[in-house]
Amino acid sequence: MCGIVGFVGSKKGVRVLTEGLERLEYRGYDSAGVAYLKDGKVNVVKEEGKLSNLKEKLNLDDEMTLGIGHTRWATHGKANATNAHPHKMGKFTVVHNGIIENYNVLRSELEKKGYVFKSETDTEVICTLLDYMYKDDKDVLSCINKLNKMLDGSYALGIICEDDKDNLYLLKNKSPLIVGVNDNEKYIASDAPAILDKTKKNIILDDGDYARLSGDKVELFNDGKKKEYQIKEFMYDADAIDKKGYEHFMLKEMHEQPDVFKKTTNPYLKEGVESLLNNMPDFTKYNKIRIVACGSATHAGLVGKCMLEEYANVRTVVDTASEFRYNKQFLEDDELVIVISQSGETADTFEALKIANKNGNDTLGIINEKGSSIAREAKMVLYTEAGKEIAVATTKAYSAQVALLTLIALNIAENKKTINKKEMIKILEDSKLVPGYIEELLSMSDIYKTIAEEIKDQNDIFFIGRKIDYALAQEGSLKLKEISYTHSEAYAAGELKHGTISLIEEGTPVIAIVTDDSIAPKTINNIKEVKTRGANVIYITNRKKESDIFYDRRIIVPEVHKVFEPLLTIIPLQMTAYYLAKIKGCPIDQPRNLAKSVTVE
Ligand code: F6R
């Protein structure tokens, strides 16, 4: 999604803004711009496409003491220089992340007052409204407070008023924004990486907060009143956004999965005490669990559902947040609502959480970004320890979500005694094997490259599986389509013959997953059905022996206790998607049209 940086302090080259924007590039964008005070005037420079285009138009050594920058992911109006931010009207220049839902009404009112708009964006109404109010009010803070009451939607704003050469202003509502603090300089950023190399200290803002920042001062307000703030340390450092020699962040992050597994599970897997899982809240009182999330986090939820039902014997439903929030929810009193989010900022997931909270349900966030909006809103939080995830396509955060959900299921199972001690001991022992097995699967790059080469010219790829393998198939398919731009669908293996099988023809790749022994013969029958019709079957399984050969390629995942199988099975799916995208020359870390954290609905 869009990225914001802002700076106020002692003189710096305008590159302080472009450097910040470069560090937000991973989030995805299609145009960029900066505005900075030069000779008492606000100088706005914007360009379509990559930041390199913008940098060509700038003298990066141009010195300034106050500036804002933006990378735009188009929502209202095409990705071009006119629609790019910053937007300036009269005395005010703004950068904006989010969406203004009532911008059409506001725009017509302002047009009636004589304003002429240059862009198609919702953002231009913001600087125009400020300019209009300021004509009478002359107090920037008061105008921002009024603005906050007039806008509907989500907005993180960096604001410059041409009459105030010393201060940078901001306003935040339902879109992330942080303040970075150094002695003689202050920064704003929509995400920590933008400023991690400049400062370790930051202030987290609440919705409705607005601020006036100068080089040596932060003044925070909410609804007309001054507010206290706390300065905190970032949880990770600039190192987190280094590729460490890997060609892509996605590759690096996939290779971090063994370590992420250890970091996420170690706090809970405690040997030698009465129960083998510890330090977790007691979830046994809930008769039902509802998991709400978006994209890959939903897919992690589907794996979690299988675990929760199988081991903890608790009925679990999984909802897509963007649907859940507008459906009739039928939330029951004894139902725990779990929201899963890497970024902790996904707009739909956040709204779903608010609905559950408002309904009085207990809510649990499974979150990666500490201190994020969802983490702060959820009644309980368990953090995944995936560290900063930069590649737009999630890999290590997804695995961490799966790992944590598995532990929740086991924790309930242990407390409810739906699992026996012997099996728990085996699980504990096998947990130690998981990192090594993940590494083993990651090291098998030749087979993934071969498969990628074989399927690279295909337009449609199918994934099939049953039960937990179907949940994995859905994640495998999403990974493949988002980064390799290859159309793909995941099907419950038993559903194929109800329609989709008509699409199978000579050479159609079908990636079939079979790890659940209880259902393996059924899925194998379905694989044979597609094989007979000419499919190129890539078989991913933990079964070492088959009585006949019904596949073209086979990847065997190491044998481990069932609860950890998904963490192994997902690796060939992620790696195949990666190598397919690589062969096709796709921008792996920043697929087109996608954004790392989806803060608009
Ligand atoms: C896919 C992907 C997305 C996210 C989804 C939710 O690789 O990354 O589908 O999983 O946008 O994001 P979070 O987890 O930040 O709420």
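1. Are Tyr578 and Tyr579 buried or exposed? Both residues are buried. This holds for a predicted model, as does everything below. The ring centres of Tyr578 and Tyr579 lie 5.0 Å apart with their planes at 85 degrees, so the pair is edge-to-face; the cut-off for that class is over 60 degrees.

2. Aromatic pairs in the structure number 10. One of them joins Tyr539 and Phe550, again edge-to-face, with 5.0 Å centre to centre and 70 degrees between the planes. This pair links distant parts of the chain, the two residues being 11 apart. Tyr539 belongs to strand β24 (residues 536–541), while Phe550 sits in the loop between β24 and β25 (553–556).

3. Burial of this pair can be stated residue by residue. Tyr539 has 0% relative accessibility and therefore counts as buried. Phe550, at 3% relative accessibility, counts as buried because the limit is under 20%. Ring pairs also bring in Tyr551, so that Tyr539, Phe550 and Tyr551 form a cluster.

4. Strand β24, which carries Tyr539, is part of an open sheet of 5 strands. The order is β22-β21-β23-β24-β25, and the pairing is parallel. At the edges are β22 (487–492) and β25, each of which pairs on one side only. On average, neighbouring strands of this sheet are turned by 15 degrees against each other, direction ignored.

5. Strand β21 (residues 460–465) runs parallel to β22 and is joined to it by 6 bridges. Within this region, Asp460 stands opposite His487 in β22.

6. Two charged side chains are placed over tyrosine rings. Arg592 lies over the face of Tyr485, at 3.7 Å from the ring centre. For Lys370, the charged end sits over the ring of Tyr383, 5.4 Å from its centre.

7. The largest nonpolar core contains 114 residues. Val34, Phe283, Ile408 and Leu410 have the most contacts inside this core. Leaving aside residues up to four places away in sequence, Leu410 touches Leu277, Tyr311, Ile419, Met424, Ile427 and Val563. Another core, of 30 residues, lies apart from the largest one; Phe92, Leu129, Leu141 and Tyr155 are among its members.

Note on methods: Residues numbered from 1 in each chain as written. Predicted model: local features only at pLDDT ≥ 70, side-chain atom pairs only at ≥ 80, totals over all residues. Heavy atoms only, no water. Phe/Tyr/Trp six-rings, centres within 6.5 Å; stacked < 30°, edge-to-face > 60°. Helix = DSSP H or I, 4+ residues; strand = E, 2+ residues; numbered from the N terminus. Buried < 20%, exposed > 50% of the residue type's maximum accessible area, 1.4 Å probe, protein only. Lys NZ or Arg CZ within 6 Å of the ring centre and 35° of its normal. Core = buried A, V, L, I, M, F, W, Y, C linked by side-chain atoms within 4.5 Å. Contact = heavy atoms within 4.5 Å. Pairing = 2+ DSSP bridges. Axes fitted to C-alpha atoms, helices over the stretch in contact; angles between N-to-C directions.
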